[in-house]
Structure formats: C-alpha cells, structure tokens
Amino acid sequence: MSKFINLVKLSVGTESIEGLRAWQSSPMAQTRDGLPRHVTRMWPKRSEELLAGGSIYWIIKGAILCRQKLIRLDEAIGSDGIRRCAIVTDPELIAVAATPKRAFQGWRYLQPNDAPSDLAQARPNDDRLPAEMQAALAAIGIL
C-alpha cells in the first residue's frame with residue numbers, strides 16, 4: 001500500500017458543490033484534455049505522495065464539503081511569465097461529511113486520518129442541504 005497525502009483548499013466564491021461543478025465545467029477552469037484544474041502559485045513539495053492516491057478537499061462556506069481525486073500536476077505559465085502549478089483533478093465531486101474549517105490562503109496538506117469520510121451517494125429525489133446549513137450543523141457536531 002502506497003503512502004499518500006491530500007490537499008485542502010478554499011473554493012473562493014463558491015456557494016455550493018453545484019457551484020464548484022459549474023465553475024469546473026467552464027473552459028477557463030479546464031485543461032486541454034477537458035479535465036478540471038486549479039492553478040496555484042506554489043508547487044507542492046510532496047507531489048509524489050499527492051499523486052499516490054491523494055485528493056483535494058474543498059472548503060465551501062466554512063466547511064469541507066467535497067473532494068476530488070488528484071490526477072496530475074501540470075506546469076502553467078501565467079501571462080506574467082511566472083511558473084505556477086495546475087492541480088488537475090478527476091471531474092467527479094465526491095460529497096464528504098461536512099467538517100468545519102476556517103478559511104486560509106493557498107492550500108494545506110491534509111493527512112488521510114484527518115480527512116472527512118465520504119458520504120453515501122445521494123438518491124435522485126433527495127434534497128441537498130444548503131452549504132451554510134451543512135457548515136452550521138457540522139459546527140455543532142450533528143453532521
């Protein structure tokens with residue numbers, strides 16, 4: 001079994017998992033091969049561990065709500081000529097147990113044993129709780 005690590009990142013301006021999905025489906029947020037990507041200034045030093053089975057966990061409205069499997073890290077050169085890291089992910093957004101998390105700049109490593117567990121697949125007619133309600137329930141230990 002290979003040792004892996006995850007990332008945790010604030011999804012700036014996102015109101016819900018559906019909003020993150022909509023953003024990632026736009027051409028501006030995709031690689032040339034159509035996969036979602038997030039461009040960040042810093043290149044992870046632990047890239048081998050990330051790519052050995054890690055995910056990026058997304059903070060939305062004050063709580064970690066979902067994750068995506070990491071596929072690769074691409075070099076992205078900005079219009080200013082600065083080298084950046086494009087974190088390329090699987091398109092599937094996997095809902096996780098809502099976990100309160102304060103906002104921070106950039107990304108952080110997240111150990112597998114500290115990562116929220118995946119939620120069961122929602123049934124087609126199930127209503128999804130708003131992100132604010134998920135975060136509030138998680139903060140008091142109900143979700």
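A residue counts as buried under 20% relative accessible area, as exposed over 50%, and as partly exposed in between, using a 1.4 Å probe and protein chains only. This is a predicted model, in which local features need pLDDT of at least 70, side-chain atom pairs count only at pLDDT 80 or more, and totals for chains, interfaces and linings use all residues. Residues are numbered from 1 along each chain as its sequence is written, and side-chain values use heavy atoms, with hydrogens and water left out.

**The whole chain**

Start with a cartoon view. The protein has 3 helices and 7 strands; these are DSSP runs numbered from the N terminus, with helices (H or I) of at least four residues and strands (E) of at least two. Followed from the N terminus, the order of elements is β-α-β-α-β-β-β-β-β-α.

Next, show the surface. Of the 143 residues, 38% are buried.

Now turn to contacts, meaning heavy atoms within 4.5 Å. Among contacts with a separation of 6 or more, 69% are between residues 24 or more positions apart.

**Charged pairs**

Side chains of opposite charge can pair when their charged atoms come close. A salt bridge here is a side-chain nitrogen of Lys or Arg within 4 Å of a carboxyl oxygen of Asp or Glu. How many salt bridges does a search of the whole structure find? The search returns 7.

Select Lys-61 and Glu-15. Their side chains form a salt bridge, 3.0 Å from N to O. The pair joins distant parts of the chain, 46 residues apart: Lys-61 is in the loop between strand S3 (55-60) and strand S4 (63-77), and Glu-15 is in the loop between strand S1 (6-10) and helix H1 (17-24). Lys-61 is partly exposed at 33% relative accessibility, and Glu-15 is partly exposed at 47%.

Select Glu-75 and Arg-83. The closest N and O atoms of this salt bridge are 2.8 Å apart. Is Glu-75 buried or exposed? Glu-75 counts as exposed because its relative accessibility is 51%, while Arg-83, with a relative accessible area of 46%, is partly exposed.

Move to Arg-46 and Glu-49, whose side chains meet in a salt bridge of 2.9 Å, N to O. Arg-46 has a relative accessible area of 27% and is partly exposed.

Finish with Asp-33, Arg-72 and Asp-74, which a network of salt bridges links.
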